[in-house]
Amino acid sequence: MIRQPLVASAPGRVNLLGEHVDHQGGTVLPVAVNLRTQVRYTPGDRWEITSEGHAPDGDWRRYVDGVLAVLAEEGIETQPGRLEISSTVPEAKGLSSSAALEVAVAGAVTELPALEVARLCQKAEVEKVGVPCGFMDQATAACALGSNIFALDCSDNTFFHLPLPNAVLLFIDPELPRRVADTPYAERIVEARTPGTDAHRHVVEEMARVEQGIMLLDREDLRGFGRLMTQSHESLRDLYRCSHPTIDQIVDALNAVPGIFGARMTGAGWGGCVVALTEPGVQVEGARMLVPDDGLDRRVL
Ligand code: GLA
């Protein structure tokens, strides 16, 4: 049990390939990025939880309370105290702000290994928040290693770090926020498990793209990998049906820019952001550069 003040932080992520396959036991290729949620923990005799810039009873509280409830249920002893939360991960944009928050909280109040932190946080999201998510977001927020793609096999939760060759990640935020809990996320998972449906076909083909993508990255073939990202987007648009017309337009516009290898929606979809993989030096109006980052970080004060 932790008794000293510390700061724990965890990153948001963009997913490059393997969208909507984690809940079907597929492999995913996300990258943790330099947008982080930080939790400053000071032990005390009761929980006192604040988040900078958020209403005290806002949505964020469900994630924090969910994590603390799961830790208690699993018999993991924690010492109550002050949790001061701040974040640069935009919410409801497909960058996995909820997993960053969950992992930073669990990392602050326990000394559990990162993968175990991720497992408990996924449990909190599924059981306490009610989103039947896969393992991608929490595992990336906990275990990613900067400048690498976090290749996670969700059939057995093993992972390896795949170097991201000389490329730049851009992200564009079309201001289409949505809460995953308010989308057809859960309903589409049921369809994806049913052979013969479009969602199932997306899953099968996306898994094959991931296998091919890993081989292309090994050869540093970013152009080939980018093409797979764009194909993944088209499949999410047409088969999994979780894109958005504005996002589709941005993806098309990005793919017409010289030097861009590929572009796609990222995260659950039905809104959110677009991610593009480019050669260095490409300028796109309204795009922000993301830098790969490490997962859970704990620092004793
Ligand atoms: C959300 C979920 C993840 C994953 C993605 C889609 O981010 O939390 O588990 O299913 O959607 O790939």
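How many aromatic pairs does the structure hold? It holds one. The model is predicted: local features need pLDDT of at least 70, side-chain atom pairs count only at pLDDT 80 or more, and totals for chains, interfaces and linings use all residues. Residues are numbered from 1 along each chain as its sequence is written, and side-chain values use heavy atoms, without hydrogens and water.

The aromatic pair joins Phe150 and Phe159. Phe150 is buried, at 0% relative accessibility. Phe159 is partly exposed, at 31%. Buried means under 20% relative accessible area, exposed over 50%, and partly exposed in between (1.4 Å probe, protein chains only).

An open, antiparallel sheet has the strand order β2-β6-β7. Strands are DSSP runs of E, at least two residues, and helices are runs of H or I, at least four, numbered from the N terminus. Two strands pair if DSSP finds at least two bridges between them. β2 (27-28) and β7 (158-163) are the edge strands, each with a single partner, so one side of each lacks a neighbour in the sheet. β6 (residues 148-153) and β7 share six bridges. Phe150 stands opposite His161 in β7.

Elsewhere, residues of α2 meet residues of α3 (contact: heavy atoms within 4.5 Å). Ser98, Glu102, Val103, Ala106 and Gly107 represent α2. Val117, Cys121 and Glu125 represent α3.

How values were computed:
Phe/Tyr/Trp six-rings, centres within 6.5 Å; stacked < 30°, edge-to-face > 60°.
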